[in-house]
Amino acid sequence: MTERGAVLERARHQEVSLSHRHRNTSVQLAGYSDSIRNTALTGAGDLNGPFAQLLPDLYSETFTYNAGQLSTDGVRVVVQQKFSPELTATVNYSWGGVLDLASNDVALSQVRSAIHQEWRHSFGVKLAGDVSATHTRWATSYRAANQKSLSPANIINGGFKPFE
């Protein structure tokens, strides 16, 4: 939302990557450039007052906030090991720009002016597999950053699917 009405988030992702596979191990190194206009962030909590940048969801007490623009470059390294046809592990490291607040105690009406770009590291792991007897696919993953932020590093391509 803007003061003039609803707008759509628009994103552009460009990357150059180099991938190599040796037996059951795949490695990818990528450099990327991301540009997002009208970045949509989800928030939770009670809204008191009219805020032009918010799109409320009254049923879940959440809202979508237009955080403005993010333009960043970054790098990503992904290593994937296939232990068997039924089990794969993936490790992901990313470094790039994120949206963050200037301080922790910003009033909602002042958030837009307090949002700025910072650089963050991100690390993720994923385990995925198949249970052929039940025709079940499963996956679990975890992703962490070195500091808090409003958006993750490598926001458009989380990096867990470069070899699928």
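**Pocket, core and rings**

Mentor: This is a predicted model.

Trainee: What volume does the second largest pocket have?

Mentor: About 180 Å³.

Trainee: Which element gives the largest share of the lining?

Mentor: Strand S3 (40-44). S3 gives four residues. S5 also gives two or more. The lining residues include Leu 41, Phe 63, Tyr 65, Leu 101, Val 111 and Ile 115.

Trainee: Switching to the core. How many residues are in the largest nonpolar core?

Mentor: 12 residues, among them Leu 41, Phe 63, Tyr 65, Leu 101, Val 111 and Ile 115. Strand S5 (62-66), S7 and helix H1 (111-114) each give two or more residues to this core.

Trainee: And what does Ile 115 touch?

Mentor: Leaving out residues up to four places away in sequence, Ile 115 touches Tyr 65, Ala 67, Leu 99, Asp 100, Leu 101 and Leu 150. Leu 150 also lines the second largest pocket.

Trainee: New topic. How many aromatic pairs turn up in the whole structure?

Mentor: One. It is Trp 95 with Trp 119, centres 4.9 Å apart and planes at 15 degrees.

Trainee: Why is the pair stacked?

Mentor: The planes are at 15 degrees, and under 30 degrees counts as stacked.

Trainee: Where do the two Trp residues lie?

Mentor: Trp 95 is in strand S7 (residues 87-101) and Trp 119 in strand S8 (residues 115-131), so the pair ties together parts 24 residues apart in sequence.

Trainee: What is the relative accessibility of Trp 95?

Mentor: 32%, so Trp 95 counts as partly exposed. Trp 119, at 41%, also counts as partly exposed.

Conventions: Residues numbered from 1 in each chain as written. Predicted model: local features only at pLDDT ≥ 70, side-chain atom pairs only at ≥ 80, totals over all residues. Heavy atoms only, no water. Phe/Tyr/Trp six-rings, centres within 6.5 Å; stacked < 30°, edge-to-face > 60°. Buried < 20%, exposed > 50% of the residue type's maximum accessible area, 1.4 Å probe, protein only. Core = buried A, V, L, I, M, F, W, Y, C linked by side-chain atoms within 4.5 Å. Contact = heavy atoms within 4.5 Å. 1 Å grid on protein atoms, 1.4 Å probe; cavity = no way out; pocket = protein on both sides within 12 Å on 5 of 7 lines; lining within 4 Å. Points joined across faces, edges and corners; volume = space filled by probe spheres on them.
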